[in-house]
Amino acid sequence: MFRVPSRISSQFSVGRPVFKSYNRRFFSSSSSRLSSASKSHSGVFGAVAGALLLGSQLAWCDDNSNDDELPTRDISACKYEHPTRPGLSIVVADNIEEVVYDPNTDVLVDVYHPDCVFCERLSPVLDQVAYALAPVSTFRLAIMDGSRNYKQGFLTKEELAGSPTIKFYPATPEPNGTEVRLQNAKALIEYIHTNSTHKFDLDAALKRAEEIQDKIQAKISRVFRRQVKQRLAGFDSYGVLHYSSPCGKTLTQLEELFTLGKYTGDQKVMDRITPVWKEYQTCINSKKYTDYWSQAAEVCVKELDAIERAESKKAAAN
């Protein structure tokens, strides 16, 4: 019999004031409402489950969108840091003009945050693009740590908050960057070829990317699995609840396939999603799954009540 992990309820009070009220709204639903809603993934339960998963991912990424103002001065990490990955240039605020605004070079720059889940998943894709375009002397792929660097006029507030942010600067006398919302190597290479000032052999580049496709896919899988372990070991209540459920194993497999499909564009991976999705739908419509969430509701409501009573008592004493 699956049971709600004993450490779940305590996590609701740790550093997540934004989510505490949301948790109460969700877990205060009666067991009967949870049971009926869970019978259709397109119903209330499906919407809530999706919101929980999305919420855990969004909360896990560094998000500066609530900052009132951008910095009033340039902030730069060490200009002379050396790249640790072949084919990638590290750009910092002090050398943006030199590295990104180079009028003789087409440049793709990725602004990431170290604690952003999606940035970490994109990292192997950038390695693949760098490998594929290594012979192209007129192209540069650069990465910048957005948590340690800020250059006035380089990124808008929205771009800085929405990491990873990818921008392409064709080789032109005046810098003219365009945000790129592509996340697999083939699509990025084709975009670069279409929009670059200096053309290159597209077929040769795609062939080089294909040479290491399996290696990149394995790296993305390792990143995903490590992130799941981190969520289970940390204070991600939503992740623990979902991955510990009777459908947790299937959910993990499904999310990994979605991740691989998104970052590799591999049709073979996409074809594997449908049967796993059907298996997951069967599982979440089962009684054992409904019972699990009913138990979760009861446990969490009790714990939230205890937390609120303790907070009220502390406030009254002060």
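## Ground rules

Residues are numbered from 1 along each chain as its sequence is written. Because the model is predicted, local features need pLDDT of at least 70 and side-chain atom pairs pLDDT 80 or more, while totals for chains, interfaces and linings use all residues, and side-chain values rest on heavy atoms, without hydrogens and water.

## Aromatic pairs

Rings of Phe, Tyr and Trp (its six-membered ring) pair if their centres lie within 6.5 Å; planes under 30 degrees apart are stacked, over 60 edge-to-face, and the rest tilted. By this rule there are seven aromatic pairs. Tyr101 and Tyr169 make a tilted pair, because their ring centres are 5.6 Å apart and their planes stand at 55°. This pair joins distant parts of the chain, with Tyr101 in the loop between helix H5 (96-99) and strand E2 (106-112) and Tyr169 in strand E4, 68 residues apart. Helices (H or I, at least four residues) and strands (E, at least two) are DSSP runs, numbered from the N terminus.

How exposed are the two partners? Tyr101 is partly exposed at 22% relative accessible area, whereas Tyr169 is buried at 5%. Here buried means under 20%, exposed over 50%, and partly exposed in between (1.4 Å probe, protein chains only). Tyr101 and Tyr169 also form one aromatic cluster with Phe154.

## Helix H6

H6 has 16 residues and spans 24 Å from its first C-alpha to its last, close to the 22 Å expected at 1.5 Å a residue (1.5 Å times one less than the number of residues). Because 14 of its 16 residues are buried, H6 is largely enclosed by the rest of the structure.

## Helices H14 and H11

In helix H14 (residues 287-317), Tyr289 and Trp293 are four residues apart, so about one helical turn separates them. Both Tyr289 and Trp293 are buried. Helix H11 (residues 237-243) contains His242, which counts as buried at 1% relative accessibility.
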